[in-house]
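This briefing sets out the main features of one protein chain, grouped by topic. Please consult the sequence and the structure shown below while reading.

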Amino acid sequence: VWGVWGIYRYNTVTGQRILTSECIENFFLLMPYIVLMFWNFEEKIFDKKVYIGKIILKSIQIAFLSSLTIELLQLFLRLGTFQISDLFFNTTGGIIYFLVNAVAERIRRIRN
């Protein structure tokens, strides 16, 4: 199962499982982009009252659509491979970043 999600690769000659860092790299790949999106468009994305459910929904939308765009460009321009695991890990990274950012923003608002 983990081989499907990009955590393990199989050596075709020896048949050994090799642990890869591809899933971790994809998890952190969109973070700088998500940081800039959240920083620049925070007022347009969220109202004054920010709810966790809305943060999760918007983060799924932004991270998934951004990752899907990258994957489709790779597919159509033949610059890489289209992988479902990349979509999953990029979206998961975007969701976690948005949640961390929301908690940090609430702490900042409470202190001020």
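This is a predicted model: local features need pLDDT of at least 70, side-chain atom pairs count only at pLDDT 80 or more; totals for chains, interfaces and linings use all residues.

**Helix 2 and its two sides**

In helix 2, the buried residues include Met 31, Ile 34, Met 37 and Phe 38. Viewed down the axis of helix 2, its buried residues lie within an arc of 125°, so they line one face of the helix. Pro 32 and Trp 39, on the other side of helix 2, are exposed.

**Overall architecture**

- The secondary structure of the protein consists of five helices and two strands.
- Followed along the sequence, these elements give the pattern β-β-α-α-α-α-α.
- The protein has 112 residues, of which 31% count as buried.
- Among contacts in the protein with a separation of 6 or more, 57% are accounted for by residues 24 or more positions apart.

**The largest nonpolar core**

- Twelve residues form the largest nonpolar core: Phe 27, Leu 30, Met 31, Ile 34, Met 37, Phe 38, Ile 55, Ile 62, Ala 63, Tyr 97, Phe 98 and Ala 102.
- Helix 2 (31-40), helix 4 and helix 5 are the elements that each give two or more residues to this core.
- The most is given by helix 2, which contributes four residues.

**Helix 1**

- Helix 1 spans residues 22-29, and Cys 23, Asn 26 and Phe 27 are buried in this helix.
- The buried residues of helix 1 fall within an arc of 105° when seen down its axis, so they line one face of the helix.
- The cover over the buried residues of helix 1 includes helix 2 and helix 5.
- Phe 27, one of the buried residues of helix 1, is also a member of the largest nonpolar core.

- Lys 58 belongs to helix 4.
- With a relative accessible area of 27%, Lys 58 is partly exposed, because this value falls between the 20% limit for buried residues and the 50% limit for exposed ones.
- Lys 58 and Gly 94 are 36 residues apart along the chain, and their C-alpha atoms are separated by 9.8 Å.

**The loop between helix 4 and helix 5**

- Arg 78 is placed in the loop between helix 4 and helix 5.
- The phi angle of Arg 78 is near 55°, a positive value in a residue other than glycine.
- Most residues other than glycine have a negative phi.
- Arg 78 counts as exposed, with a relative accessibility of 76%.
- Leu 79 is also found in the loop between helix 4 and helix 5 (84-111).
- The relative accessible area of Leu 79 is 69%, so this residue is exposed.

**A nonpolar surface patch**

- Leu 72, Leu 73, Leu 75, Phe 76, Leu 77, Leu 79, Phe 82 and Ile 84 make a nonpolar surface patch of about 810 Å².
- Helix 4 (residues 52-77) supplies the largest share of this nonpolar patch, with five residues.
- Leu 79, which belongs to the patch, comes from the loop between helix 4 and helix 5.

Terms used:
Residues are numbered from 1 along each chain as its sequence is written. Side-chain values use heavy atoms; hydrogens and water are left out. Patches are made of residues with over 30% relative accessible area and no salt bridge: like charges are joined within 9 Å, nonpolar side chains (Val, Leu, Ile, Met, Phe, Trp, Tyr) within 5 Å. Accessible areas come from the Shrake-Rupley method with a 1.4 Å probe; for residues, only the protein chains shown count as cover. A salt bridge is a side-chain nitrogen of Lys or Arg within 4 Å of a carboxyl oxygen of Asp or Glu. Buried means under 20% relative accessible area, exposed over 50%, partly exposed in between (1.4 Å probe, protein chains only). A nonpolar core is a set of buried Ala, Val, Leu, Ile, Met, Phe, Trp, Tyr and Cys residues joined through side-chain atoms within 4.5 Å. Contact means heavy atoms within 4.5 Å. The arc is that of the directions from the helix axis to the C-beta atoms.
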